[in-house]
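Here is a short tour of one protein model. Keep the sequence and the structure side by side as you read.

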Amino acid sequence: MIYVVIVFLWTSILLYILLGGADFGAGIIELFTSKGNRSKTRKTMYDAIGPIWEANHMWLIIAIVILFVGFPKIYTTVSIYLHIPLVCMLLGIIARGTAFVFRNYDAVKDDMQKLYTPIFVYSSLITPFFLGIIAASSVSGQIDVQAKDFLSAYVFSWLNWFSVSVGIFTVSICGFLATIFIIGQAANDDDRNFFVRKARRTIYTVMFCGALVFVAAYQENIPLANWIFGDTLGLIAIIAASISLVIMFFLLQRKKPKFLRVLAGFQVTMILFAATYSHFPDIVLLKNGTNLSLLIHQGQAKAIDTLGYALLIGSIFILPALVYLIYIFQQKKELPETQ
């Protein structure tokens, strides 16, 4: 049952990156869009993220619950030594959701509307940035459980070039997902061409930010290149992601939105797989040379079994409901407007 729990943990993280990433990317793209094109970008983005923006945080909640119940030592270590970026990420989630709701559904339209937009777009940028920092810090080997001072224990555990570069890379991934998702929601060919050009720019940005991650890893003596290219399955995943990127450029010219979304999801999946497989089952790498393992540092057997069955039963209700939610939003979009 432990492997069932691990699969759900990895899948929930992946789905949060894919669906939540596209959600955050909507605000990121709006932030980096000129004022003249911001209105149409905003409207199209709302149509694209409509089915998932309320629901995507459940994947983060599931991941946290799995760690809390199934791997308490790992949960405790991460929540203590990375509590600063964790709090920043959670505040960003709260600020972003609040600003989005008030900006679009506030009954009173007043000067406060001017405040909601910057809160929404900047929190959309900050949240995935700290999410990437948390992920990178967990495997950077900088968490010092034997630290004697505040800075060493709670700041330098995440404030380093590698973690920051992964945070920037995560932001670029979110922008990339949003631009790919938005192409299929364009109202006309002019808008579609505009979003295709923006998608190409975000792809180049992702490639540049990815290169920065490898440079930072080299500077921090983190064997990232060996993790990815030194393992056969990791190398295959990167090759598959690279081939799909070439196919994506071809499909961008043909403007095939459904295939583009599948390819974008596939690429992110391959990147996450390559980055995590090589040091599995170790999920947290500590500065003293020890690691926290999903297989060694698991909870009680009864807790794991109960958690595994709960996840299997819960997925029977959650996954069909999510598919139906996306379906009805697509049907709503296809209905003709009534006068």
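Helices (H or I, at least four residues) and strands (E, at least two) are DSSP runs, numbered from the N terminus. Gly299 lies in the loop between strand E2 (291–293) and H13. This is a predicted model: local features need pLDDT of at least 70, side-chain atom pairs count only at pLDDT 80 or more, and totals for chains, interfaces and linings use all residues. Residues are numbered from 1 along each chain as its sequence is written, and side-chain values use heavy atoms, with hydrogens and water left out.

**A loop glycine**

Buried means under 20% relative accessible area, exposed over 50%, and partly exposed in between (1.4 Å probe, protein chains only). Gly299 has 18% relative accessibility, so it counts as buried. Contact means heavy atoms within 4.5 Å. Leaving out residues up to four places away in sequence, Gly299 touches Gly70, Pro72 and Ile304. Gly299 and Leu67 are 232 residues apart along the chain, yet their C-alpha atoms are separated by 9.4 Å.

**Helix H12**

Gln267 is found in helix H12 (residues 257–277). The expected span of a helix is 1.5 Å times one less than its number of residues. For the 21 residues of H12 that gives 30 Å, and the end C-alpha atoms are 30 Å apart, which agrees. Buried residues of H12 include Leu260, Leu263, Ala264, Gln267 and Val268. An α-helix has 3.6 residues a turn, so residues three or four places apart point the same way. What covers the buried residues of H12? The cover includes helix H1 (2–31), helix H8 (161–183), helix H10 (224–229) and helix H11 (232–254). Gln267 itself touches Phe176, Ala241, Ser244, Leu245 and Met248, not counting residues up to four places away in sequence.

**Cysteines**

A disulfide is a pair of cysteine sulfur atoms within 2.5 Å. The structure holds zero disulfides. For Cys88, the nearest cysteine sulfur is that of Cys174, 17 Å away. For Cys174, the nearest is that of Cys209, 11 Å away.

| Residue | Relative accessible area | Class |
|---|---|---|
| Cys174 | 4% | buried |
| Gln267 | 6% | buried |
| Cys88 | 26% | partly exposed |
| Phe317 | 60% | exposed |

Phe317 is found in helix H13 (residues 301–334).
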